[in-house]
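Load the model in a viewer and keep the selection tool at hand. The stops below go from one selection to the next.

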Amino acid sequence: MNTSNKPINDSEEFCSSNEWLIVDYSAIGKDHSKHNIPCQDHRYVQRINPQWGVAVCCDGAGSAEKSDIGSRFVAERTANVLTLAVEKEQWLIHNHLPTQEVWRTISRQALYQVYSDLESFAQINNLELKLLASTVIAVIYSPIGLLVTHIGDGRAAYCNHTAQWTAIITPFKGEEANMTVFITSSIWHDPDKYIESRVIDDKPLGFTLLSDGCENFAFLTHVNTSKTADQIKIEDINLPFQGFYHPIVKHLKAKHLTLSHEEIQAEWATILESGTEKIKETTDDKTMILGLWI
Amino acid sequence: MSISDFIETPDNYEQKTICCLVVDVSGSMATLNPGGSPINQLNQGLSQFHAEIHEDNATANRLEIAIVAFSDSVEIVQAPALVDHFSPPVLSAKGSTKLVDGVRAGIALVQARKQYYKNTGQPYNRPWIVLITDGAPDTGQDVIGLAQEIATGMAEKDFLFLPIGVTGANLQMLESIAGSYSEGGRTHKVSPLPLESAKFSEFFKWLSASIAIASSDENESNLPMPTWMTGYKN
């Protein structure tokens with residue numbers, strides 16, 4: 001079993017530009033492709049300047065007929081609303097991040113704004129709101145730390161100065177493996193339960209946001225910890241897989257020296273489409289945003 | 001060497017879906033039809049179903065199959081197992097139709113399996129119970145009580161119940177026990193799906209494709225259309 005997850009200390013290589021290299025891609029899952037179902041994931045990256053910006057990853061509910069439209073709307077609108085928050089709160093101008101308490105309040109207000117706008121969009125287009133159900137993971141990235149918030153499942157992580165990738169959200173899971181909540185769910189009466197917001201007050205060398213379609217190849221999520229071969233005891237864990245991220249980080253940073261951004265994006269697309277047999281055989285849609293400080 | 005040669009992926013323990021086939025092996029399933037007897041068609045279909053799941057690596061690691069056969073009595077022909085861990089059975093038909101007892105045994109089996117998943121920390125998706133019958137329950141079988149149990153189980157998302165009526169089945173009775181499920185804020189009534197015995201092969205092809213979707217990260221609303229249904233027009 002490939003469950004070893006040791007960090008590899010190669011983080012300081014190629015860091016000289018003092019800006020973020022961000023790659024993002026959504027690949028349609030094998031089953032969606034086979035049955036002509038559109039990609040229900042969307043992502044959006046809003047660069048405020050080379051050092052600051054907003055990245056958003058959304059996964060439309062498989063059960064909701066128009067969730068591809070919902071996830072696109074939520075991704076774009078969340079990026080816009082959080083970009084306005086960065087400007088309004090003057091975090092970039094003063095080069096500082098809010099406290100945990102302030103960020104929790106602001107991120108909830110922002111997501112509620114997105115929910116309200118989605119409700120209006122549904123009304124204008126004569127659509128039932130639940131048909132637009134989508135998860136959302138958003139990060140405001142900067143050179144001094146990260147502000148992350150999310151509703152639903154998927155994963156997010158950051159890389160610190162020791163090259164250790166660490167999870168920064170806990171996916172919301174129901175009793176069954178494919179159950180979660182969406183921005184359209186009845187969650188607004190109890191945001192403490194359903195909306196997670198965190199300040200990562202540490203200089204990041206990388207960050208990643210991914211839809212749950214990617215978690216089986218990019219994260220350790222379920223490991224059999226039983227000591228005996230004939231028994232099963234599964235532990236639910238949440239660890240970015242170092243053996244996945246390190247070679248990719250090294251590869252993209254090296255390519256950055258010789259390739260255009262479009263060419264690096266194309267490399268990233270190839271990795272997410274068919275980087276390994278396991279990635280290629282993934283049945284669900286796959287969206288991943290990877291930010292690297294270079 | 002390409003980047004692919006350097007990327008490692010973890011071995012996560014796969015989430016599980018249990019599909020319990022509750023099959024009628026009463027005497028009427030041995031009736032000779034132009035395309036062969038339903039029991040032979042069923043056996044061929046089961047074999048094909050097994051082969052198709054085996055071919056799909058992701059589903060083969062996630063989908064556990066159980067088979068409950070009923071006639072005069074009820075027999076668990078196959079306890080829950082991944083397809084790589086058993087060979088498709090060859091069923092023979094005789095006797096009467098203890099359908100209610102058979103379905104109840106299927107419900108008990110999936111509930112016990114769910115408890116096992118919970119106790120061992122295994123992530124799982126909603127179980128499927130697929131009833132395949134060509135007749136009607138024996139006199140005295142508690143159809144009303146079964147209908148209530150299925151309605152409750154479906155409402156509480158304990159399982160998805162899918163009744164398949166092979167030619168000659170009492171579709172009205174199947175309709176009465178079929179239940180409904182909620183997904184994406186909507187309630188969907190399940191209707192019994194009529195099946196000509198000659199189309200068992202097509203049915204099991206649909207079932208393997210549908211369960212492959214349901215056992216990944218999707219749900220019933222994305223299932224392919226059941227083109228094997230009697231009267232279906234593409």
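The tour covers a sheet, the helices packed on it, a chain-to-chain interface and some salt bridges.

This is a predicted model, in which local features need pLDDT of at least 70 and side-chain atom pairs count only at pLDDT 80 or more, while totals for chains, interfaces and linings use all residues. Residues are numbered from 1 along each chain as its sequence is written, chains are lettered from A and ligands numbered from 1 in the order in which they are written, and side-chain values use heavy atoms, with hydrogens and water left out.

**The sheet**

Select β1, β12, β9, β6 and β7 of chain A: in that order, these five strands make an open, antiparallel sheet. Strands (E, at least two residues) and helices (H or I, at least four) are DSSP runs numbered from the N terminus, and two strands pair if DSSP finds at least two bridges between them. Colour β1 (20-27) and β7 (165-167) of chain A next; each has a single partner strand, so one side of each lacks a neighbour in the sheet. From one strand to the next, the twist averages 15°.

Zoom in on β6 (residues 155-159) of chain A, which pairs with β7(A) in the antiparallel sense over three bridges. Pick A:Ala157; its bridge partner in β7(A) is A:Ala167.

**Helices on the sheet**

Show helix α7 (residues 242-256) of chain A, which packs on the sheet and touches β1, β7, β9 (206-210) and β12 (286-293) of chain A. Contact means heavy atoms within 4.5 Å. The direction of α7 makes about 60° with that of β12(A); axes are lines fitted to C-alpha atoms, for helices over the stretch in contact, and angles run from 0 to 180 degrees between N-to-C directions.

**The interface**

Now display chain A with chain B. The contact takes 46 residues from chain A and 41 residues from chain B. About 3700 Å² is buried between the two chains, 48% of it on carbon and sulfur atoms; buried area is the accessible area (1.4 Å probe) that two parts lose on being put together, summed over both.

How many salt bridges are there between chain A and chain B? The count is three, where a salt bridge is a side-chain nitrogen of Lys or Arg within 4 Å of a carboxyl oxygen of Asp or Glu. Select A:Glu175 and B:Lys114 to see a salt bridge at 3.9 Å, N to O.

**A salt bridge within chain A**

Finish with A:Glu215 and A:Arg155, whose side chains meet in a salt bridge (2.9 Å, N to O). A:Glu215 lies in helix α6 and A:Arg155 in strand β6 of chain A, 60 residues apart.
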